Amino acid sequence: MSQATELAAAAGSADPRVGLRAVLALRRLLERLEVVQVDNARRAGWSWQEIADALEVSRQAVHKKHAGRPAVDHSWEA
């Protein structure tokens, strides 16, 4: 079972402490994955509008969140 699968299962725990810690870990993973994929899209020549459409957010929201942020190390060691 992958770590993400384990976290998803733990997020449904009846124990709030276990569930909330899993939700936090999933939120952090999700944010990292978004950064990686937005960077991939920009390198592939996607516009901010195309990225926004894929994420179902406004162009302004995705641009505000990701434009001008420093390049990130895309290794999975965090």
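How are H2 and H3 oriented to each other? The model examined here is predicted; local features need pLDDT of at least 70, side-chain atom pairs count only at pLDDT 80 or more, and totals for chains, interfaces and linings use all residues. Residues are numbered from 1 along each chain as its sequence is written, and side-chain values use heavy atoms, with hydrogens and water left out.

Helices are DSSP runs of H or I with at least four residues, numbered from the N terminus. Two packed helices are described by the angle between their axes and the distance between the axes. Axes are lines fitted to C-alpha atoms, for helices over the stretch in contact, and angles run from 0 to 180 degrees between N-to-C directions.

Helix H2 spans residues 16-43 and helix H3 spans residues 48-55. Their axes come within 10 Å and cross at roughly 140 degrees. H2 and H3 are therefore oblique to each other. Angles under 35 degrees count as roughly parallel, over 145 as roughly antiparallel, 65 to 115 as roughly perpendicular, and the rest as oblique. Contact means heavy atoms within 4.5 Å. On the H2 side, Glu34, Val38, Ala41 and Arg42 meet Trp48, Ile51 and Leu55 of H3. This contact has five nonpolar, no polar and two charged residues. Here Ala, Val, Leu, Ile, Met, Phe, Trp, Tyr, Cys and Pro count as nonpolar, Asp, Glu, Lys and Arg as charged, and the others, Gly among them, as polar.

H3 also packs on helix H4, residues 59-66. The angle is about 105 degrees, and the axes are 8 Å apart. That makes H3 roughly perpendicular to H4. Trp48, Gln49, Ile51, Ala52 and Leu55 of H3 meet Arg59, Val62, His63 and His66 of H4. The residues of this contact divide into five nonpolar, three polar and one charged.

The largest nonpolar core has six residues: Val38, Ala41, Trp48, Ile51, Ala52 and Val62. Such a core is a set of buried Ala, Val, Leu, Ile, Met, Phe, Trp, Tyr and Cys residues joined through side-chain atoms within 4.5 Å. H3 gives the largest share of this core, three residues.

Leu55 lies in H3. At 37% relative accessibility, Leu55 counts as partly exposed (buried is under 20% relative accessible area, exposed over 50%, partly exposed in between, with a 1.4 Å probe and protein chains only). Leaving aside neighbours within four places in sequence, Leu55 is in contact with Glu34, Val38 and Val62. The C-alpha atoms of Leu55 and Val38 are separated by 9.6 Å.

Definitions and conventions
Helix = DSSP H or I, 4+ residues; strand = E, 2+ residues; numbered from the N terminus.
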